[in-house]
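Biologist: I have not looked at this one before. Can you walk me through a few spots in it?

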Amino acid sequence: MEQNYTPGMLRVCIDRNNNNEFSGRVYGIAFKDTLLFKDANEFILKIDSAFNEIGLPQAFEEKRSFGEAESYSHFSPKVEAVRKQKDFIDEHGEVSTYVIFVETRAKTSWQGTLLSDDLKPIAAFNSELELLKLFSEN
């Protein structure tokens, strides 16, 4: 079966997982670069920032700051694919590989589905914390 990634689908390759502290790589067809992360915080921050750049899934609210505000694009109904999935479909983590489908970012959190490497649903999540917990359980 051919896999078809959408802009909200990300391939997560976990290369290290020690005591639920993990590091690895994230690939997406709408992301110009591979996102490298060294811990859970960086995982969430980098993906959230990348979603802000492409404008999908749309952030529920705009973050405010007392200093220089990070500017990002707002909702974009049609996000351009800047990579082909064949460029990363064969990438696998040393520990595990998942696909996450982030459907919305309502209530300043992610909601979506955790999928296996071959796009079979594992579980739904309603926040980044639930997603991180699913990583440690599967």
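Predicted model: local features only at pLDDT ≥ 70, side-chain atom pairs only at ≥ 80, totals over all residues.

Biologist: What is the phi of Leu119?

Modeller: Leu119 has a positive phi of about 70°, although it is not a glycine. Most residues other than glycine have a negative phi.

Biologist: And is Leu119 buried or exposed?

Modeller: Leu119 counts as buried because its relative accessibility is 17%, and the cut-off for buried is under 20%.

Biologist: Different topic. Where is Ser23?

Modeller: Ser23 sits in strand β2, which covers residues 21-27. Its relative accessibility is 13%, so Ser23 is counted as buried too.

Biologist: Which residues is Ser23 in contact with, leaving aside its neighbours within four places in sequence?

Modeller: Ser23 then has contacts with Cys13, Ile14, Asp15 and Arg16, and also with Phe37 and Lys38.

Biologist: Now pockets. How much space lies in the largest pocket?

Modeller: The largest pocket holds about 220 Å³.

Biologist: What lines the largest pocket?

Modeller: The lining residues are Ala30, Phe31, Lys32, Asp33, Leu35, Lys46, Ser49, Ala50, Glu53, Ile54, Glu80 and Val82.

Biologist: Which element gives the largest share of that lining?

Modeller: Helix α1 (residues 40-54) does, with five residues.

Biologist: And how does the lining split by class?

Modeller: Six residues of the lining are nonpolar, five are charged and one is polar.

How values were computed. Residues numbered from 1 in each chain as written. Heavy atoms only, no water. 1 Å grid on protein atoms, 1.4 Å probe; cavity = no way out; pocket = protein on both sides within 12 Å on 5 of 7 lines; lining within 4 Å. Points joined across faces, edges and corners; volume = space filled by probe spheres on them. Helix = DSSP H or I, 4+ residues; strand = E, 2+ residues; numbered from the N terminus. Nonpolar A, V, L, I, M, F, W, Y, C, P; charged D, E, K, R; others polar. Buried < 20%, exposed > 50% of the residue type's maximum accessible area, 1.4 Å probe, protein only. Contact = heavy atoms within 4.5 Å.
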